[in-house]
Amino acid sequence: MIDLWNQLLQGFITAGSPVNLLWALLGCTLGTAVGVLPGIGPATAVAMLLPITSKVEPTASMIFFAGIYYGAMYGGSTTSILLNTPGESGSMVTAMEGNKMAKNGRAGAALATAAIGSFVAGTIATVLVTLFAPLVAAFAIKLGPPEYFMLMVLAFTTVSAVLGKSTLRGMTALAVGLAMGLIGIDQISGQARYTGGVPEFMDGIEVVLIAVGLFAVGEALYMVLYEGKTVETQNAMSKVHMTAVEWKRSWPAWLRATAIGFPFGTIPAGGSEIPTFLSYAAEKKLSSHKAEFGTTGAIEGVAGPEAANNAAITATLIPLLTLGIPTSNTTAILLGAFQNYGIQPGPQLFDSNAALVWALIASLYIGNVMLLVLNLPLVGIWVKLLKIPKPYLYAGILIFATVGVYGMRQSAFDLVLLYAIGLLGVVMRRFDFPTAPVVVGMILGPLAEAQMRNALSIGEGRWTVFLQRPGSLALLLVIVAVLVLPHFLKLRRAKA
Amino acid sequence: MKGLRDPELAIGIGTVLLGAGLAVGATQISSEAGYSGVGPNFLPWVVGAMLALCGVLLVREALTGGYREREEPSGAATGHWAGFAWVSVGVLVNAALITTIGFILSCSLCFVLAVRGFKSAEGRLDLSLRAWLVDAAVGFAIAAPVYWMFTQLLAINLPGLTASGWL
């Protein structure tokens, strides 16, 4: 415990240096802006800025990226409360009640409970990360390649099969991502695969290109094709303030939601859609103001999902840092950022890069305070961002997309590829294919393959190695359960 | 039965073809396995098979009433292809010219063309000289600071028209 305290203190000293504080502030500000603006999310923003990894030192840039990541969660709630379109997917549920509240002249209260709830949940979740991440890392260090491979397969399964509506479309997206990950030099044998003689393909495809293509260029192309005539209405602002009654109704919702959100973030079932929906359902069931839900807007329905979102987002750092397994788009890109520095997140990270990890965790505490300040008194400034005309916003996003992709490899070929991935993004969005499996598949695929081949080497080529070790056998059973149980339940419900 | 023009069917077939392509490519990769018993060609075969299987299942869903539980896509029912063409040309022109005319000019050009597309999607395409100039100025005002921030502050290489690092 003393040890933990000392390390955290060291982290605060590193993260509290003026330069790092500046990076954190920059990240939080940019993240809030990105969360507020439609058409660009945290994953895209971090991806576009990945080129800075070649010049900025790791601690500073990870603090910066983390600031963007959870800053976007704060900003996203502003957009979902004031506009009828959520800024990012985790805010979808907030939009349901938040919009109703705003329409009834209570936008200020909704914004306040969202920001304070995010702060409470984010801070509690950060404390839990501080306490549990080292424990998970200490446990994970005992895992061998077979267990790692199974954990990664579990992540693939949950990201692609469980989260979306259709297992088939999720699996298709995953396969496309895995195929993209195959391009380039095989890590173990050094053989070139699927390069077609194109020298640009030898180094593989950058995750920046895929993320920016799918999300930024894809979004812009979708916008011009289908959303040109979509009219957005903006709700009127009111004073950002909560009454004593509203405080009393928000508190329990924040705490319950943190308890729901955090566990969901830690297991490789990433994304914050499920916990936000669960929290919404829980609040609706427990509320003594049921009549307000869906009519005038219930404050619990904003407080809960918003807190659950932030708790889950913070908790996704546990699998990322301790196991090296990303469970969402943004964490997949953060993993890419670590890889650019030649750092492989995983249990060893807490030994080999202790200073970096603890500075990052400390920066989460600092960032949450910064974001509370940025979002409560200054919310009026962010609302002005919503006034940027759509054509300028989306055309501007294309410029930033160019910087991110070109800055990474200095290749004009990549810009053509970027357009092609953008087209893929349009098709996927139009036909309701999830995109997270593509990004997670392409970045985790090569790692999973290496673990699989190492595991088989341990088993001298026998696949039974995955069954003989209790850890990997247990994980295998979990994977089967995750795949089969939902269908089984559906069948039973159909019969009943 | 919607016939071959059904895009859902086309996506399914495309997925099968992609899987087949991966399988053909996999035959070119050595199977030298070492201790593990599986070589660098193993995963390509698995992914190829996975894509082909998914493709076949997508085709089946497309032919038997469409994709299951597909959410209605947001926005208009038909695409606005004229605007799409403006934006596409903008992005591709940028790719073609960035190394010759430099980041700032190339991105400003991309910006102007893309803005034409987005405005035409909103039904207010403006091709007057004034609009071109205003948009070009806005594009320049975004691209130039970005360029300076990356080249001067972060020392990241972006192509310029001159070697000065300012344009």
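## Basis of the description

Residues are numbered from 1 along each chain as its sequence is written, while chains are lettered from A and ligands numbered from 1 in the order in which they are written. Because the model is predicted, local features need pLDDT of at least 70 and side-chain atom pairs count only at pLDDT 80 or more, whereas totals for chains, interfaces and linings use all residues.

## Contact between chains A and B

Chain B brings 65 residues to the contact and chain A brings 58 residues, where two residues are in contact if their C-beta atoms, placed from the backbone, lie within 7 Å. On the side of chain B that touches chain A, at least two residues each come from α1 (7–26), α2 (42–63), α3 (81–101), α4 (103–121) and α5 (129–153) of chain B; helices here are DSSP runs (H or I, at least four residues), numbered from the N terminus.

The largest share of this side of chain B, 10 residues, is supplied by α3(B). By class, the side of chain B that touches chain A holds 39 nonpolar, 17 polar and 9 charged residues, with Ala, Val, Leu, Ile, Met, Phe, Trp, Tyr, Cys and Pro counted as nonpolar, Asp, Glu, Lys and Arg as charged, and the others, Gly among them, as polar.

## Domains of chain B

Chain B is assigned domain 1 (7–63) and domain 2 (81–153), with bounds that come from an automatic or database domain assignment. The C-alpha centres of domain 1 and domain 2 of chain B are 39 Å apart.

## Helices α8 and α21 of chain A

Helix α8 (residues 167–182) of chain A packs with helix α21 (residues 436–458) of chain A at an angle of about 40°, their axes lying 7 Å apart; axes are lines fitted to C-alpha atoms, for helices over the stretch in contact, and angles run from 0 to 180 degrees between N-to-C directions. α8(A) and α21(A) are therefore oblique to each other, given that angles under 35 degrees count as roughly parallel, over 145 as roughly antiparallel, 65 to 115 as roughly perpendicular and the rest as oblique.

Residues of the contact include Gly170(A), Gly177(A) and Gly181(A) of α8(A) and Gly441(A) and Gly445(A) of α21(A). The contact of α8(A) with α21(A) divides into 12 nonpolar, 5 polar and no charged residues.

## Helices α12 and α13 of chain A

Helix α12 (residues 273–286) of chain A and helix α13 (residues 300–315) of chain A pack at about 150°, with axes 8 Å apart, and α12(A) and α13(A) are therefore roughly antiparallel to each other. Among the contact residues are Glu283(A) and Lys284(A) of α12(A) and Glu300(A) of α13(A), and the contact of α12(A) with α13(A) comprises 6 nonpolar, 5 polar and 3 charged residues.
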